[in-house]
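Hi everyone, thanks for making time this morning. I'd like to walk you through a few residues in one structure, so please have the viewer open.

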Amino acid sequence: MIIGDFHWDPDYFTSQASCNKEIPEKELGRFGHYECDPPYALVESAVKAMKEIDPEPDFIVWDG
């Protein structure tokens, strides 16, 4: 299993775009925006999905 560089944004909120102040608030969601680094909710969801897909991988490469 290979995990890419998440670049988690601990300051991402649905009421502000810490990554880009030009993004309208209505476009921000719980799981982020494509112009932003991901919020914790997206990182957590991705890790849970990986565990469901392969609960016991032979090895994990986490780059970044």
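**A few residues and their surroundings**

Let's start with the contacts of His-33: leaving out residues up to four places away in sequence, this residue touches Tyr-12, Ile-23, Glu-27 and Leu-28. Before I go on, a reminder that this is a predicted model.

One of those contacts deserves a second look. The side chains of His-33 and Glu-27 make a polar contact at 3.4 Å. Where does His-33 sit in the fold? You'll find His-33 in the loop between β1, residues 2-3, and α1, residues 40-53. And is His-33 buried or exposed? His-33 has a relative accessible area of 11%, and the cut-off for buried is under 20%, so this residue counts as buried.

Now please move to Asp-9, which is also placed in the loop between β1 and α1. Asp-9 is buried too, with a relative accessibility of 11%. What does its side chain have close by? A polar atom of the Asp-9 side chain lies 2.9 Å from the backbone nitrogen of Asp-11.

Next, the aromatic rings. As a general point, a pair of aromatic rings is described by the distance of the centres and the angle of the planes. How many aromatic pairs does the count give here? The count comes to one. That pair is Trp-8 with Tyr-40, with 5.9 Å from centre to centre and 65° between the planes. Angles over 60 degrees count as edge-to-face, so that is the label for Trp-8 and Tyr-40. Trp-8 belongs to the loop between β1 and α1 while Tyr-40 is in helix α1, so the pair ties together parts that are 32 residues apart in sequence.

How accessible are the two partners? Trp-8 has a relative accessible area of 45%, which makes this residue partly exposed. Tyr-40 is at 48% and also counts as partly exposed.

My last stop is Asp-63, in the segment after β2, and β2 itself covers residues 61-62. Asp-63 is partly exposed, at 39% relative accessible area. Which residues does Asp-63 contact, leaving aside neighbours within four places in sequence? They are Ile-3, Gly-4 and Asp-5. There is also a C-alpha distance to look at: Asp-63 and Ile-2 are 61 residues apart in sequence, yet 7.7 Å apart in space.

That's my tour, and I'm happy to go back to any of these residues with you.

Key: Residues numbered from 1 in each chain as written. Predicted model: local features only at pLDDT ≥ 70, side-chain atom pairs only at ≥ 80, totals over all residues. Heavy atoms only, no water. Helix = DSSP H or I, 4+ residues; strand = E, 2+ residues; numbered from the N terminus. Buried < 20%, exposed > 50% of the residue type's maximum accessible area, 1.4 Å probe, protein only. Polar contact = N/O pair within 3.5 Å; in protein donor to acceptor, adjacent residues only side chain to side chain. Contact = heavy atoms within 4.5 Å. Phe/Tyr/Trp six-rings, centres within 6.5 Å; stacked < 30°, edge-to-face > 60°.
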